[in-house]
Amino acid sequence: MKQVVAIIKPFKLDEVREALADAGISGLTVTEVKGFGRQKGHTELYRGAEYVVDFLPKLKIETVVSDDLVDSCIEAIRDAAFTGKIGDGKIFVMPVEQVIRIRTGETGEAAL
């Protein structure tokens, strides 16, 4: 099993969620986060005053999938979140040692 974590632009959430559902991935967690990569923020004007926005709003999507779904999960996120502009985000894949469903006590892939 693998945990797939994606940092995406907020307006791409619905497209990514639908793409993951089409790929057979049912559960995910979404968190509002702020950060920056190569974008390094930008300046904005507010009531005539210029200020720097260092951290940009993003969404972090987390899901755990079986090993055979990892490639289709990555492809679904990448295709749905793509705009071609800087700041599209990143995808991280990490191993998961164990999963336990609290309600039933199921473990492993049965708990997904």
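A salt bridge is a side-chain nitrogen of Lys or Arg within 4 Å of a carboxyl oxygen of Asp or Glu. This is a predicted model, in which local features need pLDDT of at least 70 and side-chain atom pairs count only at pLDDT 80 or more, while totals for chains, interfaces and linings use all residues. Residues are numbered from 1 along each chain as its sequence is written, and side-chain values use heavy atoms, with hydrogens and water left out.

**View 1**
Helices (H or I, at least four residues) and strands (E, at least two) are DSSP runs, numbered from the N terminus. Starting at the N terminus, the elements follow the order β-α-β-β-β-β-α-β. Along the principal axes, the C-alpha atoms fill a box of roughly 60 × 25 × 20 Å. The radius of gyration is 17 Å, whereas a compact globule of 112 residues would have a value near 13 Å. That radius is taken over C-alpha atoms, and the globule rule is 2.2 Å times the number of residues to the power 0.38. The protein exposes about 7,700 Å², by the Shrake-Rupley method with a 1.4 Å probe. Carbon and sulfur atoms supply 51% of this area. Of the 112 residues, 28% are buried (under 20% relative accessible area; exposed is over 50%, partly exposed in between; 1.4 Å probe, protein chains only).

**View 1. An open sheet of four strands, in the order 2-5-1-6.**
The pairing in this sheet is antiparallel. Strand 2 and strand 6 (89-95) are the edge strands, and each pairs on one side only. On average, neighbouring strands are turned by 20° against each other, direction ignored. Two strands pair if DSSP finds at least two bridges between them. Strands of a sheet pair through backbone hydrogen bonds, either parallel or antiparallel.

**View 2. Strand 2 beside strand 5.**
Strand 2 and strand 5 (residues 56-65) run antiparallel and are joined by seven bridges. Look for Val-30: its bridge partner in strand 5 is Ile-61.

**View 3. Strand 1 and its two partners.**
Seven bridges link strand 1 to strand 5 in the antiparallel sense. Here Ile-8 stands opposite Leu-59 of strand 5. Strand 1 also pairs with strand 6, antiparallel and over seven bridges. In that pairing, Ala-6 faces Ile-91 of strand 6.

**View 4. Helix 1 across the sheet strands.**
Helix 1 lies across strand 1 (2-8), strand 2 and strand 5. The helix runs at about 10° to strand 5. Axes are lines fitted to C-alpha atoms, for helices over the stretch in contact, and angles run from 0 to 180 degrees between N-to-C directions.

**View 5. Gly-35, a buried residue in strand 2.**
Gly-35 belongs to strand 2, which covers residues 29-35. Its relative accessible area is 19%, so Gly-35 counts as buried. Leaving aside neighbours within four places in sequence, Gly-35 is in contact with Asp-54, Phe-55 and Leu-56. Ser-72 gives a distance reference: Gly-35 and Ser-72 are 37 residues apart in sequence and 27 Å apart in space, C-alpha to C-alpha.

The structure holds four salt bridges, including Lys-12 with Glu-15 and Arg-17 with Asp-14. Side chains of opposite charge can pair when their charged atoms come close. In the bridge of Lys-12 and Glu-15, the closest N and O atoms are 3.1 Å apart. Lys-12 is buried because its relative accessibility is 9%. Glu-15 has a relative accessible area of 39%, so Glu-15 is partly exposed. Arg-17 meets Asp-14 at 3.5 Å, N to O. Both Arg-17 and Asp-14 lie in helix 1 (residues 13-22), three residues apart, which is about one turn of the helix. Arg-17 is partly exposed at 42%. Asp-14 is partly exposed as well, at 45% relative accessibility.

**View 6. The salt bridge of Arg-101 and Glu-106.**
The closest N and O atoms of this bridge are 2.9 Å apart. Arg-101 has a relative accessible area of 27%, so Arg-101 is partly exposed. Glu-106 is partly exposed at 32%.

Terms used: Contact = heavy atoms within 4.5 Å.
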